[in-house]
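This briefing was prepared for a reader who has the sequence and the coordinates at hand. Please consult the structure shown here alongside the notes below.

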Amino acid sequence: MASATTPVVPEQSATTTHLPMLDISKPPVIEGFTPLSRPREETFQEKFMRKSKENPFVPIGCLGTAGALMYGLRAFKQGKTRQSQLLMRGRIFAQGFTVVAIIFGVFTTALKKD
């Protein structure tokens, strides 16, 4: 004798609670949590000025490298090989100075945060 069982369906009341619609244009609301405001984005010029003030030797080294390169190429074009060689050696010195300034800045920033 097989008895037929009917599935149990939960009763639905006339006053069902509806969850609010999810609005993806706004962050989710979490009870008891207030998000921190985001800092405004820094522009390229503001970041460049801040970094230059933190470690002024890097831009000085970059300008020295570019200057020695430009004058060295100009001297090479004019046929002044001796002056061109000296300026290319100066460019190498300026590049080394810039690399040392970058490394020094990284170490001081790392030590400052601790």
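The model is predicted. It holds two aromatic pairs, and its largest pocket has a volume of about 340 Å³.

**Aromatic pairs**
- The rings of F44 and F48 count as stacked because their planes meet at 20°, with the centres 6.3 Å apart.
- F44 and F48 are four residues apart in helix α1, which means about one helical turn separates them.
- F44 is exposed, at a relative accessible area of 70%, while F48 is partly exposed, at 45%.
- F57 and F97 form an edge-to-face pair, with 90° between the planes and 6.2 Å from centre to centre.
- This pair links distant parts of the chain, since F57 belongs to helix α2 and F97 to helix α3, 40 residues apart.

**Largest pocket**
- The lining of the largest pocket comprises 14 residues, with K51, E54, N55, G105 and T109 lying nearest the centre.
- Helices α1 (44–54), α2 and α3 (81–113) each give two or more residues to this lining, and α3 provides the largest share, nine residues.
- By class, six lining residues are nonpolar, four are polar and four are charged.

- T65 is found in helix α2, which spans residues 57–78.
- T65 has a relative accessible area of 15% and is therefore buried, the cut-off being under 20%.
- Beyond its neighbours within four places in sequence, T65 is in contact with R91, A94, Q95 and T98.

Conventions
Residues numbered from 1 in each chain as written. Predicted model: local features only at pLDDT ≥ 70, side-chain atom pairs only at ≥ 80, totals over all residues. Heavy atoms only, no water. Buried < 20%, exposed > 50% of the residue type's maximum accessible area, 1.4 Å probe, protein only. Contact = heavy atoms within 4.5 Å. 1 Å grid on protein atoms, 1.4 Å probe; cavity = no way out; pocket = protein on both sides within 12 Å on 5 of 7 lines; lining within 4 Å. Points joined across faces, edges and corners; volume = space filled by probe spheres on them. Nonpolar A, V, L, I, M, F, W, Y, C, P; charged D, E, K, R; others polar. Phe/Tyr/Trp six-rings, centres within 6.5 Å; stacked < 30°, edge-to-face > 60°.
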